[in-house]
Amino acid sequence: MEAGDPPFDIAWKHGNIAFVGEVKSLTADNEDRQIRLAIGQVIDYVYSLQWNVHAVRGVVAIERKPKKIDHWMALCKDHGITLNGYPCRCSRRSATSSRS
């Protein structure tokens, strides 16, 4: 959307909030690797973007529901990332809680 932005797949603005995302195709062999890669890319994009908006939100868009949906939803939630809008059916500690 601006010169010097990282090479994200998709981005849009809604009011004073920007959304930036990665789109990944999945196979049985690459599902975990693709989602892990997308999450890392989105975290970097959100951190790097200097748009004049109130907030930048990360989105990971995948073509189908992954086998470990609860795992990926919890991980995305901990990092403030939306994963295709799948509802999280798990209970996890918040991103601010301590990890052992």
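What is the mean pLDDT of the protein, and what share of its residues reach 70 or more? The mean is 84, and 83% of the residues reach 70 or more; pLDDT is the predictor's confidence in each residue, from 0 to 100. This is a predicted model, in which local features need pLDDT of at least 70 and side-chain atom pairs count only at pLDDT 80 or more, while totals for chains, interfaces and linings use all residues. Residues are numbered from 1 along each chain as its sequence is written, and side-chain values use heavy atoms, with hydrogens and water left out.

One stretch to flag is 87-100, where pLDDT stays under 50. For that stretch the model has 19 contacts beyond four places in sequence, a contact being heavy atoms within 4.5 Å.

Now the layout. The protein has 2 helices and 4 strands, and from the N terminus the order is β-β-α-β-α-β. These are DSSP runs, helices being H or I of at least four residues and strands E of at least two, numbered from the N terminus. Among contacts in the protein with a separation of 6 or more, 49% join residues 24 or more positions apart.

On burial, 34% of the 100 residues count as buried. Buried means under 20% relative accessible area, exposed over 50% and partly exposed in between, with a 1.4 Å probe and protein chains only.

The largest nonpolar core has 13 residues, and Ile-35, Ile-39, Val-60, Ile-62, Ile-81 and Leu-83 have the most contacts inside it. At least two residues of this core come from each of α1 (31-48), β3 (55-62), α2 (69-78) and β4 (81-83). Another core, of 8 residues, lies apart from it and includes Val-20, Leu-49, Val-53 and Val-56. By nonpolar core I mean a set of buried Ala, Val, Leu, Ile, Met, Phe, Trp, Tyr and Cys residues joined through side-chain atoms within 4.5 Å.

Next, the helix pair. α1 and α2 pack at about 10 degrees, with axes 11 Å apart. That makes α1 roughly parallel to α2, the term for angles under 35 degrees. Axes are lines fitted to C-alpha atoms, for helices over the stretch in contact, and angles run from 0 to 180 degrees between N-to-C directions. From α1, Asp-32, Ile-35, Arg-36 and Ile-39 meet Trp-72, Leu-75 and Cys-76 of α2.

Finally, α2 itself. Its buried residues are Ile-69, Trp-72, Met-73, Ala-74, Cys-76 and Asp-78, and they pack against α1 and β4. Just after α2, Gly-80 takes a positive phi of about 70 degrees.

Definitions and conventions. Parallel < 35°, antiparallel > 145°, perpendicular 65-115°, else oblique.
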